[in-house]
Amino acid sequence: MLRGRRGTMGFNGSLIKTRAKETGYTLIQLSEELGVSRQAVNEWISGVTPRGSHLMKLCAVLNLKPEKFFTEPVQSLISVPLHRTIGNKKVTNTMRDASLEMAKEYLNLFRQTPVADLVQVIRIENRSEENAKIIADKLRSLSKVADGKPTDYKNAFHLLSELGIYTIFREFPDNLIKNTYAFYSKIADHRVVFVNIDTSIIDLIFYLLHETVHAVRDEVPDQISLQDEENFCDMVTNHIQFPDKYVEDVSLMIKGLPVNFIVNKLKDICLMNHHSLYGIHKQLDERGLLPECAKKINFGADVNLRKQFPTLRKVLFGSGNVQDFLENMYALSPEFMKVIEKHIPDCSVRKLGEWLGLDTSMDAQAVMEEMLRRKAKR
(Lines give C-alpha, C1' and ligand atoms only; values in the text may rest on other atoms or scores of the structure.)
Protein backbone atom coordinates (compact mmCIF):
# COMPACT_ATOMS: atom_id res chain seq x y z
CA MET A 1 0.00 0.00 0.00
CA LEU A 2 1.35 3.40 -0.97
CA ARG A 3 0.31 6.39 1.09
CA GLY A 4 0.84 10.15 1.11
CA ARG A 5 4.09 11.43 2.50
CA ARG A 6 4.31 11.65 6.26
CA GLY A 7 3.49 15.04 7.64
CA THR A 8 2.06 16.52 4.42
CA MET A 9 -0.91 18.72 5.34
CA GLY A 10 -3.84 19.50 3.09
CA PHE A 11 -6.06 22.59 3.21
CA ASN A 12 -9.58 21.49 4.17
CA GLY A 13 -11.51 23.99 2.09
CA SER A 14 -14.81 22.17 2.62
CA LEU A 15 -14.81 23.63 6.14
CA ILE A 16 -15.48 27.08 4.64
CA LYS A 17 -18.92 26.05 3.38
CA THR A 18 -19.80 24.31 6.64
CA ARG A 19 -18.69 27.19 8.85
CA ALA A 20 -20.22 29.88 6.61
CA LYS A 21 -23.60 28.17 6.90
CA GLU A 22 -23.23 27.90 10.67
CA THR A 23 -22.43 31.61 10.99
CA GLY A 24 -25.20 32.75 8.63
CA TYR A 25 -23.11 33.74 5.61
CA THR A 26 -23.89 32.87 2.03
CA LEU A 27 -20.77 32.37 -0.06
CA ILE A 28 -21.47 35.63 -1.91
CA GLN A 29 -21.76 37.50 1.40
CA LEU A 30 -18.58 35.86 2.62
CA SER A 31 -16.64 36.92 -0.47
CA GLU A 32 -17.91 40.51 -0.04
CA GLU A 33 -16.93 40.51 3.64
CA LEU A 34 -13.45 39.30 2.74
CA GLY A 35 -13.06 41.69 -0.17
CA VAL A 36 -12.35 38.93 -2.69
CA SER A 37 -14.19 37.46 -5.66
CA ARG A 38 -16.66 34.61 -5.34
CA GLN A 39 -14.31 32.65 -7.61
CA ALA A 40 -11.48 33.05 -5.07
CA VAL A 41 -13.70 31.62 -2.34
CA ASN A 42 -14.65 28.73 -4.64
CA GLU A 43 -10.96 28.02 -5.24
CA TRP A 44 -10.32 27.90 -1.49
CA ILE A 45 -13.24 25.53 -1.04
CA SER A 46 -11.71 23.32 -3.74
CA GLY A 47 -8.46 23.11 -1.77
CA VAL A 48 -6.36 26.10 -2.81
CA THR A 49 -4.77 27.56 0.33
CA PRO A 50 -5.54 31.28 0.90
CA ARG A 51 -2.38 33.35 1.19
CA GLY A 52 -1.25 35.49 4.12
CA SER A 53 -3.78 38.13 5.12
CA HIS A 54 -6.62 36.39 3.26
CA LEU A 55 -6.23 33.30 5.44
CA MET A 56 -6.10 35.37 8.63
CA LYS A 57 -9.15 37.42 7.64
CA LEU A 58 -11.06 34.25 6.66
CA CYS A 59 -10.32 32.78 10.08
CA ALA A 60 -11.42 35.99 11.80
CA VAL A 61 -14.72 36.18 9.91
CA LEU A 62 -15.51 32.49 10.50
CA ASN A 63 -14.15 32.60 14.07
CA LEU A 64 -11.75 29.73 13.46
CA LYS A 65 -8.08 29.19 14.25
CA PRO A 66 -5.89 28.65 11.15
CA GLU A 67 -4.88 25.16 12.27
CA LYS A 68 -8.51 24.05 11.99
CA PHE A 69 -8.04 24.10 8.20
CA PHE A 70 -4.95 21.91 8.44
CA THR A 71 -5.95 19.21 10.88
CA GLU A 72 -5.72 16.07 8.71
CA PRO A 73 -2.52 14.80 7.09
CA VAL A 74 -2.94 13.70 3.49
CA GLN A 75 -1.46 10.28 4.34
CA SER A 76 -4.57 9.41 6.36
CA LEU A 77 -6.91 10.38 3.52
CA ILE A 78 -5.33 8.96 0.35
CA SER A 79 -3.94 5.55 -0.45
CA VAL A 80 -2.83 4.06 -3.77
CA PRO A 81 -2.24 0.28 -3.90
CA LEU A 82 0.52 -1.06 -6.12
CA HIS A 83 -0.20 -0.74 -9.84
CA ARG A 84 -0.74 -3.52 -12.33
CA THR A 85 1.92 -2.13 -14.64
CA ILE A 86 2.28 -2.63 -18.39
CA GLY A 87 4.52 -5.64 -18.93
CA ASN A 88 4.90 -6.08 -15.15
CA LYS A 89 7.40 -3.24 -14.95
CA LYS A 90 8.79 -2.40 -11.53
CA VAL A 91 6.83 0.23 -9.59
CA THR A 92 9.10 3.23 -9.04
CA ASN A 93 9.04 6.13 -6.59
CA THR A 94 8.31 8.40 -9.54
CA MET A 95 5.18 6.39 -10.32
CA ARG A 96 4.14 6.47 -6.68
CA ASP A 97 4.53 10.23 -6.44
CA ALA A 98 2.71 10.88 -9.74
CA SER A 99 -0.24 8.71 -8.70
CA LEU A 100 -0.53 10.36 -5.30
CA GLU A 101 -0.31 13.85 -6.79
CA MET A 102 -3.15 13.05 -9.18
CA ALA A 103 -5.30 11.63 -6.38
CA LYS A 104 -4.60 14.67 -4.17
CA GLU A 105 -6.20 16.94 -6.79
CA TYR A 106 -9.56 15.37 -5.86
CA LEU A 107 -9.16 15.28 -2.09
CA ASN A 108 -11.33 18.28 -1.30
CA LEU A 109 -13.98 17.18 -3.77
CA PHE A 110 -14.36 13.81 -2.07
CA ARG A 111 -14.06 15.31 1.41
CA GLN A 112 -17.29 17.12 0.64
CA THR A 113 -19.00 13.97 -0.69
CA PRO A 114 -20.92 11.74 1.74
CA VAL A 115 -19.44 8.27 2.13
CA ALA A 116 -21.76 5.36 1.32
CA ASP A 117 -22.93 3.48 4.42
CA LEU A 118 -22.37 0.14 2.71
CA VAL A 119 -19.89 -0.80 -0.01
CA GLN A 120 -19.60 -4.13 -1.77
CA VAL A 121 -16.51 -6.05 -0.68
CA ILE A 122 -15.42 -9.58 -1.57
CA ARG A 123 -13.13 -11.30 0.89
CA ILE A 124 -11.67 -14.70 0.11
CA GLU A 125 -8.39 -15.58 1.79
CA ASN A 126 -7.62 -18.72 -0.22
CA ARG A 127 -6.36 -17.47 -3.58
CA SER A 128 -7.29 -20.59 -5.55
CA GLU A 129 -8.46 -20.91 -9.16
CA GLU A 130 -11.85 -22.07 -7.91
CA ASN A 131 -12.28 -18.96 -5.76
CA ALA A 132 -11.08 -16.75 -8.60
CA LYS A 133 -13.91 -18.13 -10.75
CA ILE A 134 -16.43 -17.57 -7.94
CA ILE A 135 -15.47 -13.90 -7.68
CA ALA A 136 -15.35 -13.54 -11.47
CA ASP A 137 -18.87 -14.96 -11.83
CA LYS A 138 -20.24 -12.49 -9.27
CA LEU A 139 -18.59 -9.54 -10.97
CA ARG A 140 -19.59 -10.68 -14.46
CA SER A 141 -23.20 -10.81 -13.28
CA LEU A 142 -22.98 -7.21 -12.05
CA SER A 143 -21.36 -6.08 -15.31
CA LYS A 144 -24.38 -7.26 -17.35
CA VAL A 145 -22.19 -9.09 -19.84
CA ALA A 146 -23.98 -11.85 -21.77
CA ASP A 147 -23.34 -15.44 -20.69
CA GLY A 148 -20.33 -16.96 -22.38
CA LYS A 149 -19.26 -13.66 -23.94
CA PRO A 150 -16.05 -11.69 -23.26
CA THR A 151 -16.28 -8.48 -21.24
CA ASP A 152 -15.92 -5.30 -23.30
CA TYR A 153 -14.98 -1.85 -22.07
CA LYS A 154 -18.59 -0.71 -21.58
CA ASN A 155 -19.30 -3.76 -19.40
CA ALA A 156 -16.20 -2.90 -17.37
CA PHE A 157 -17.35 0.66 -16.75
CA HIS A 158 -20.85 -0.55 -15.90
CA LEU A 159 -19.34 -2.87 -13.31
CA LEU A 160 -17.51 0.01 -11.64
CA SER A 161 -20.76 1.96 -11.47
CA GLU A 162 -22.68 -0.99 -9.99
CA LEU A 163 -20.02 -1.28 -7.28
CA GLY A 164 -20.31 2.43 -6.43
CA ILE A 165 -16.73 3.08 -7.56
CA TYR A 166 -15.92 6.49 -9.05
CA THR A 167 -14.20 6.52 -12.45
CA ILE A 168 -12.06 9.54 -13.35
CA PHE A 169 -10.75 10.01 -16.89
CA ARG A 170 -7.47 11.88 -17.12
CA GLU A 171 -4.48 12.38 -19.36
CA PHE A 172 -1.68 10.67 -17.45
CA PRO A 173 1.77 12.27 -17.09
CA ASP A 174 4.66 10.66 -19.00
CA ASN A 175 5.92 8.76 -15.97
CA LEU A 176 2.57 7.00 -15.67
CA ILE A 177 1.38 6.77 -19.28
CA LYS A 178 4.31 4.51 -20.17
CA ASN A 179 3.71 2.23 -17.19
CA THR A 180 0.00 1.84 -16.47
CA TYR A 181 -3.40 2.35 -18.08
CA ALA A 182 -5.40 2.69 -14.86
CA PHE A 183 -4.89 2.70 -11.10
CA TYR A 184 -7.08 2.33 -8.05
CA SER A 185 -7.07 4.82 -5.20
CA LYS A 186 -8.97 5.43 -1.99
CA ILE A 187 -9.65 9.11 -1.35
CA ALA A 188 -11.35 10.22 1.88
CA ASP A 189 -12.89 6.72 2.15
CA HIS A 190 -14.20 6.80 -1.44
CA ARG A 191 -13.10 4.13 -3.93
CA VAL A 192 -11.77 5.71 -7.13
CA VAL A 193 -10.25 4.35 -10.34
CA PHE A 194 -8.19 6.74 -12.49
CA VAL A 195 -8.14 5.89 -16.19
CA ASN A 196 -5.71 7.11 -18.84
CA ILE A 197 -7.80 8.52 -21.70
CA ASP A 198 -5.06 7.84 -24.25
CA THR A 199 -5.50 4.08 -23.92
CA SER A 200 -7.07 1.96 -26.66
CA ILE A 201 -10.41 0.61 -25.48
CA ILE A 202 -9.25 -2.98 -26.03
CA ASP A 203 -6.04 -2.46 -24.03
CA LEU A 204 -8.03 -0.82 -21.27
CA ILE A 205 -10.33 -3.73 -20.45
CA PHE A 206 -7.90 -5.98 -18.59
CA TYR A 207 -6.38 -3.16 -16.52
CA LEU A 208 -9.76 -1.66 -15.71
CA LEU A 209 -11.08 -5.01 -14.50
CA HIS A 210 -7.87 -5.62 -12.54
CA GLU A 211 -8.26 -2.34 -10.65
CA THR A 212 -11.92 -3.18 -10.05
CA VAL A 213 -10.90 -6.42 -8.36
CA HIS A 214 -8.48 -4.42 -6.21
CA ALA A 215 -11.31 -2.09 -5.27
CA VAL A 216 -13.49 -4.87 -3.88
CA ARG A 217 -10.59 -6.57 -2.09
CA ASP A 218 -8.61 -3.68 -0.53
CA GLU A 219 -10.13 -3.68 2.95
CA VAL A 220 -7.07 -5.20 4.65
CA PRO A 221 -4.21 -4.27 2.27
CA ASP A 222 -1.47 -4.33 4.92
CA GLN A 223 -2.19 -7.96 5.73
CA ILE A 224 -1.63 -9.39 2.27
CA SER A 225 1.38 -10.42 0.25
CA LEU A 226 1.33 -7.82 -2.51
CA GLN A 227 2.71 -10.06 -5.27
CA ASP A 228 0.39 -12.93 -4.33
CA GLU A 229 -2.53 -10.52 -4.38
CA GLU A 230 -1.51 -9.08 -7.75
CA ASN A 231 -1.33 -12.59 -9.19
CA PHE A 232 -4.73 -13.48 -7.76
CA CYS A 233 -6.27 -10.26 -9.11
CA ASP A 234 -4.85 -11.20 -12.52
CA MET A 235 -6.46 -14.63 -12.26
CA VAL A 236 -9.86 -13.18 -11.34
CA THR A 237 -9.57 -10.57 -14.10
CA ASN A 238 -8.82 -13.18 -16.75
CA HIS A 239 -11.93 -15.12 -15.80
CA ILE A 240 -14.06 -11.96 -15.83
CA GLN A 241 -12.88 -10.97 -19.30
CA PHE A 242 -12.62 -14.47 -20.79
CA PRO A 243 -14.99 -17.04 -19.22
CA ASP A 244 -14.24 -20.72 -19.75
CA LYS A 245 -17.09 -21.20 -22.22
CA TYR A 246 -15.81 -18.43 -24.48
CA VAL A 247 -12.22 -19.70 -24.45
CA GLU A 248 -13.46 -23.22 -25.21
CA ASP A 249 -15.63 -21.94 -28.08
CA VAL A 250 -12.65 -20.09 -29.57
CA SER A 251 -10.48 -23.21 -29.28
CA LEU A 252 -13.04 -25.16 -31.32
CA MET A 253 -13.07 -22.45 -34.01
CA ILE A 254 -9.30 -22.71 -34.57
CA LYS A 255 -8.93 -26.47 -34.08
CA GLY A 256 -7.16 -28.17 -36.97
CA LEU A 257 -6.30 -24.92 -38.80
CA PRO A 258 -2.77 -24.14 -40.09
CA VAL A 259 -0.98 -21.50 -38.04
CA ASN A 260 -1.53 -18.65 -40.56
CA PHE A 261 -5.24 -19.41 -40.65
CA ILE A 262 -5.30 -19.51 -36.84
CA VAL A 263 -3.89 -15.97 -36.66
CA ASN A 264 -6.43 -14.65 -39.18
CA LYS A 265 -9.29 -16.45 -37.44
CA LEU A 266 -8.27 -15.07 -34.04
CA LYS A 267 -8.05 -11.59 -35.53
CA ASP A 268 -11.62 -11.88 -36.88
CA ILE A 269 -12.82 -13.14 -33.50
CA CYS A 270 -11.12 -10.22 -31.74
CA LEU A 271 -12.67 -7.66 -34.07
CA MET A 272 -16.10 -9.14 -33.53
CA ASN A 273 -15.82 -9.33 -29.74
CA HIS A 274 -13.67 -6.26 -29.00
CA HIS A 275 -10.59 -7.63 -27.30
CA SER A 276 -6.90 -8.10 -28.07
CA LEU A 277 -5.38 -11.03 -29.89
CA TYR A 278 -2.65 -11.30 -27.28
CA GLY A 279 -5.24 -11.64 -24.49
CA ILE A 280 -7.18 -14.54 -25.99
CA HIS A 281 -3.97 -16.24 -27.19
CA LYS A 282 -2.61 -16.11 -23.62
CA GLN A 283 -5.81 -17.56 -22.17
CA LEU A 284 -5.95 -20.38 -24.71
CA ASP A 285 -2.35 -21.21 -23.83
CA GLU A 286 -2.78 -21.04 -20.05
CA ARG A 287 -5.90 -23.20 -20.16
CA GLY A 288 -4.23 -25.85 -22.33
CA LEU A 289 -6.41 -25.19 -25.39
CA LEU A 290 -3.88 -23.66 -27.78
CA PRO A 291 -2.65 -25.84 -30.69
CA GLU A 292 1.09 -26.53 -30.49
CA CYS A 293 1.69 -24.89 -33.88
CA ALA A 294 0.30 -21.60 -32.55
CA LYS A 295 2.37 -21.44 -29.35
CA LYS A 296 4.70 -18.88 -30.88
CA ILE A 297 3.08 -16.51 -33.31
CA ASN A 298 3.91 -13.04 -34.59
CA PHE A 299 1.81 -10.50 -32.71
CA GLY A 300 2.22 -7.91 -35.44
CA ALA A 301 -1.40 -8.68 -36.28
CA ASP A 302 -2.32 -7.50 -32.77
CA VAL A 303 -0.64 -4.13 -33.39
CA ASN A 304 -2.67 -3.65 -36.58
CA LEU A 305 -5.80 -4.81 -34.79
CA ARG A 306 -5.42 -2.13 -32.12
CA LYS A 307 -5.44 0.57 -34.79
CA GLN A 308 -9.00 -0.40 -35.64
CA PHE A 309 -10.25 0.50 -32.16
CA PRO A 310 -10.41 4.06 -30.79
CA THR A 311 -8.69 5.40 -27.70
CA LEU A 312 -10.86 6.52 -24.83
CA ARG A 313 -10.00 10.10 -25.74
CA LYS A 314 -11.51 9.55 -29.17
CA VAL A 315 -14.64 8.06 -27.61
CA LEU A 316 -15.07 11.02 -25.25
CA PHE A 317 -13.87 13.97 -27.33
CA GLY A 318 -13.98 12.66 -30.90
CA SER A 319 -17.02 14.60 -32.07
CA GLY A 320 -16.00 17.84 -30.36
CA ASN A 321 -19.64 18.22 -29.33
CA VAL A 322 -20.45 19.05 -25.69
CA GLN A 323 -23.69 17.04 -25.73
CA ASP A 324 -21.90 13.95 -27.07
CA PHE A 325 -19.13 14.34 -24.50
CA LEU A 326 -21.60 14.52 -21.62
CA GLU A 327 -23.66 11.60 -22.93
CA ASN A 328 -20.52 9.47 -22.89
CA MET A 329 -19.44 10.72 -19.48
CA TYR A 330 -22.82 9.97 -17.91
CA ALA A 331 -22.84 6.54 -19.55
CA LEU A 332 -19.29 5.53 -18.59
CA SER A 333 -18.85 7.36 -15.28
CA PRO A 334 -22.30 8.06 -13.79
CA GLU A 335 -21.21 8.01 -10.13
CA PHE A 336 -18.51 10.61 -10.62
CA MET A 337 -20.80 12.82 -12.71
CA LYS A 338 -23.32 12.83 -9.85
CA VAL A 339 -20.60 14.16 -7.55
CA ILE A 340 -19.61 16.85 -10.07
CA GLU A 341 -23.23 17.93 -10.47
CA LYS A 342 -23.56 18.57 -6.74
CA HIS A 343 -20.49 20.80 -6.71
CA ILE A 344 -21.04 22.75 -9.92
CA PRO A 345 -22.80 25.73 -8.24
CA ASP A 346 -19.72 26.33 -6.08
CA CYS A 347 -16.84 25.47 -8.41
CA SER A 348 -15.03 27.59 -10.97
CA VAL A 349 -14.94 26.82 -14.69
CA ARG A 350 -11.22 26.11 -14.40
CA LYS A 351 -11.74 23.65 -11.56
CA LEU A 352 -14.51 21.86 -13.49
CA GLY A 353 -12.14 21.50 -16.44
CA GLU A 354 -9.49 20.00 -14.17
CA TRP A 355 -11.88 17.56 -12.52
CA LEU A 356 -13.18 16.33 -15.87
CA GLY A 357 -9.77 16.28 -17.54
CA LEU A 358 -11.08 18.39 -20.43
CA ASP A 359 -8.71 18.67 -23.36
CA THR A 360 -8.22 21.79 -25.46
CA SER A 361 -10.96 20.74 -27.89
CA MET A 362 -13.67 21.00 -25.24
CA ASP A 363 -14.81 24.34 -23.77
CA ALA A 364 -15.20 23.98 -19.99
CA GLN A 365 -17.62 26.92 -19.84
CA ALA A 366 -19.89 25.23 -22.39
CA VAL A 367 -19.71 21.97 -20.46
CA MET A 368 -20.66 23.73 -17.22
CA GLU A 369 -23.61 25.50 -18.86
CA GLU A 370 -24.88 22.26 -20.40
CA MET A 371 -24.59 20.39 -17.09
CA LEU A 372 -26.50 23.15 -15.31
CA ARG A 373 -29.16 23.08 -18.04
CA ARG A 374 -29.57 19.31 -17.69
CA LYS A 375 -29.72 19.57 -13.92
CA ALA A 376 -32.41 22.29 -14.07
CA LYS A 377 -34.41 20.26 -16.60
CA ARG A 378 -34.57 17.29 -14.22
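In this predicted model, the lining of the second largest cavity is made up of three nonpolar, four polar and two charged residues. The residues concerned are Lys17, Asn42, Ile45, Ser46, Gln112, His343, Asp346, Cys347 and Trp355. The space in the second largest cavity amounts to about 40 Å³. When the whole structure is searched, two cavities of 30 Å³ or more are found.

The largest pocket has a volume of about 440 Å³. It is lined by 20 residues, of which Arg84, Phe206, Tyr207, Tyr278 and Gly279 are the closest to its centre. Two or more lining residues come from each of the helices α10 (201-216), α11 (226-241), α14 (277-286) and α15 (300-306). By residue class, the lining of the largest pocket contains seven nonpolar, seven polar and six charged residues.

Tyr106 is buried because its relative accessible area is 1%, under the limit of 20%. Phe336 also counts as buried, with a relative accessibility of 1%. Another edge-to-face pair is formed by Phe206 and Tyr207, with 5.5 Å from centre to centre and 85 degrees between the planes. Phe206 and Tyr207 are both buried. Ring pairs also join Tyr106 and Phe336 into a cluster with Phe110, Tyr166, Phe172, Phe183 and Phe194.

Two arginines with buried positions take part in polar contacts. Arg111 is located in helix α6 (residues 107-111). The relative accessibility of Arg111 is 16%, so this residue counts as buried. Its side chain makes a polar contact of 3.4 Å with the side chain of Asn108. Arg191 belongs to strand β5 (residues 190-196). With a relative accessibility of 3%, Arg191 is likewise counted as buried. A polar atom of the Arg191 side chain lies 2.6 Å from the backbone oxygen of Leu163.

The buried residues of α7 are Asn131, Ala132, Ile135, Ala136, Leu139, Arg140 and Ser143. An α-helix has 3.6 residues a turn, so residues three or four places apart point the same way. Ala132, placed in helix α7, has a relative accessible area of 0% and is therefore buried. Along the chain, Ala132 and His239 are 107 residues apart, yet their C-alpha atoms are separated by 7.4 Å.

Positive phi values occur at two residues described here. Lys144, which follows α7, has a phi of about 70 degrees although it is not a glycine. This lysine lies in the loop between α7 and α8 (153-162). Its relative accessibility is 59%, so Lys144 counts as exposed, the limit being over 50%. His274 is also a residue other than glycine with a positive phi, near 60 degrees. His274 is found in the loop between α13 (259-273) and α14. The relative accessible area of His274 is 33%, and the residue is therefore partly exposed.

Notes
Residues are numbered from 1 along each chain as its sequence is written. This is a predicted model: local features need pLDDT of at least 70, side-chain atom pairs count only at pLDDT 80 or more; totals for chains, interfaces and linings use all residues. Side-chain values use heavy atoms; hydrogens and water are left out. Helices (H or I, at least four residues) and strands (E, at least two) are DSSP runs, numbered from the N terminus. Buried means under 20% relative accessible area, exposed over 50%, partly exposed in between (1.4 Å probe, protein chains only). A polar contact is a pair of N or O atoms within 3.5 Å; within protein, one must be able to donate a hydrogen and the other to accept it, and residues adjacent in sequence count only if both atoms are side-chain atoms. Rings of Phe, Tyr and Trp (its six-membered ring) pair if their centres lie within 6.5 Å; planes under 30 degrees apart count as stacked, over 60 as edge-to-face and the rest as tilted. On a 1 Å grid over the protein atoms alone, a cavity is a set of points where a 1.4 Å probe fits but cannot get out, and a pocket is an open set with protein on both sides within 12 Å along at least five of seven lines; lining residues have an atom within 4 Å of a point. Grid points are joined across faces, edges and corners, and a volume is the space filled by probe spheres set on the points. Ala, Val, Leu, Ile, Met, Phe, Trp, Tyr, Cys and Pro count as nonpolar, Asp, Glu, Lys and Arg as charged, and the others, Gly among them, as polar.
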